[in-house]
Structure formats: C-alpha cells, structure tokens
Amino acid sequence: MKHLIDILDFSVEELQELIDTANDIIDHPEAYSERCKGKKLATLFFEPSTRTRLSFEAAMYELGGNVIGFSEAQSSSAAKGESVADTAKVISCYADIIAMRHPKEGAPLVAAMNASIPVINAGDGGHNHPTQTLADLLTIHREKGRLSNMTVGFCGDLKFGRTVHSLINALSRYEGIKVVLISPEELKLPSYVKKDILKEHDIPYVQTSDLESVMPDLDVLYMTRVQRERFFNEEDYLRLKDSYILTPDKLNNAKSDLSILHPLPRVNEISVEIDSDPRACYFKQVLYGKYMRMALILKLLKEAGKL
Ligand code: CP
C-alpha cells in the first residue's frame, strides 16, 4: 500500500508525474470530473486547518468523489481516548483514502501502519507537511520552469515550520540548489535537518538573521509564520513573532523575477501591500495545492487498485 507520509516517499520521477498530472488537470478539468465517482475521502483533522482540509475536500469533489470526516479532535472519539491506530482501522471500513492532520509527530505514520487504505500526512506537529510541499513544487515549477539551479531563501520560523523541513527535503534531490536560512537565533533550522539533509546531500547553505543582506541572491523567498501553537511560553512568542515583516522597501534590491511563496496562514510577516506585486505567488500557491492534491488522490487510489 502506497502512502504519503514524508515527501521522500515519492521519487523525483513520481513528483514530476504529479506535477504533469496537476498541469493537465488545470488545462482539462472536465476530463477529471468523474474519475473518483463512488469513492470517499476521509479528512481526519485533529488540528485546525483552512487550506489543507478544504483543498482536499474541493479536490475530491472536483474528481466526482465524496468526503466524510471531522475537523477537530473534540468531535471525534479521540476525545474519549480512542487511539490513532484504532481510528485508522475504523475509517478503513468507511472510506477509500485518508488525509490526516495531527499535532503529534508520527501520528499519520501510525495511521498508515494500521489502515488498509492509503493515508496522506496533512501535517504532523512540527515535523512534516508533504502535501504543502507538493503545492510549493508546482508553484516553483510553474513560475521558474524548473526545480533545479536556484537559490531558495527560507525566512522566519525554521525551527517549528514543518513546511520548511519538507520543502528542503524535496529540493535536496534536485541539481544546483543553494539554500539561505534566515531566522532569529532561537528559530534556526533544527540541526537534524541540517545534518541529515543539507550536509548529507552537499547542499551549499548559509545562515543569517539579516534578510535584506541576502535578498539580491534569491530566486525564491519562502516566508513563514512564527508558529505560536508550538511555543512553550507566550513571552517568547511575543518577542519573536514580528522578527521579519516583508514590506515593499525590503524588496528594493530583490531580483525582478523573484518568486515570493508562503504556505499561509499569514499573520504579520508579509505586508498586504506586497499582494499586488507580480512576484507574490502565495495565493496562486493555494490554488495549485488543490490541483496537486487531486493528482495525489488519483495516484494513490490507482496504486491501491481502487481506480
Ligand atoms: N498551509 C496550511 O497548511 O494551511 P492550513 O493550516 O490552513 O491548512
């Protein structure tokens, strides 16, 4: 059974296949409108979400399928103490595929080990968010025409930002990637990501706290929110939350073809004045996320012999 728990579950060829399918869906949506007729997606969200849950639901509806699920742990039997393993076994009796978000790192993996249907990690704690990475890859591919030979800056909360960890993992397999890590000292990229991904793949990287000094080098700027829900104390969050606020003046020395991405939600780290800058890609990124999730559902259902 093929699942998507970590972006490395897919080879570079499989990622390209998903990008190609998503592009085809964008061009020919009518050809896909009944592909999942009679199939059910279960969205099991133990943590808040707007984009991921609703884009999964929109994706399944646009494929002609149906959706069941819950959007908070309190409205499921997890509130009575049911385990993730039992939940996965139960949902396997009702649905054809699961998308799960959970605050505990590794929970979707436990679900995958116990389910008899494909499981998709829709975000686990501060660990991974592989379907956001699919959205990010399609956005970069459509903006740049490639996923190789570029300098990508990650700015903000690189410690708890699971989207950052997953995207660095994905990009580590492409040629000519350079990484610039921009964060306050307390929110630096975890050393396991540096050691296991950047050093392991010989990816050149620099660390700095000064966004403006590295701006001219960047082809892609990946802004992130400081993840309030992962902090142990509110005082630290309040001190760090506005470490970076991207305003038009900060783009004065940026490349004219810079692509600005953000997984959203945005709190304060990108000024709304940037939204009308042609380099702002974050709302396109939201839309592309739906198409990549359509491509992903199709692939996993096909591989499970359900289509
Ligand atoms: N990017 C993202 O995961 O957004 P949500 O938390 O709204 O799903």
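What distance separates the centres of domain 1 and domain 2, taken over C-alpha atoms? The answer is 25 Å, with domain 1 covering 7-128 + 289-303 and domain 2 covering 130-285, bounds that come from an automatic or database domain assignment. Select the two domains in turn, and then their contact (heavy atoms within 4.5 Å), which takes 30 residues from domain 1 and 25 residues from domain 2.

Before going further, note that this is a predicted model, in which local features need pLDDT of at least 70 and side-chain atom pairs count only at pLDDT 80 or more, while totals for chains, interfaces and linings use all residues. Residues are numbered from 1 along each chain as its sequence is written, and side-chain values use heavy atoms, with hydrogens and water left out.

Now show the polar contacts, pairs of N or O atoms within 3.5 Å. A polar side-chain atom of Thr52 is 2.6 Å from a ligand oxygen atom, a polar side-chain atom of His129 lies 2.8 Å from an oxygen atom of the ligand, and Thr50 places a polar backbone atom 2.8 Å from a ligand oxygen.

Key. Polar contact = N/O pair within 3.5 Å; in protein donor to acceptor, adjacent residues only side chain to side chain.
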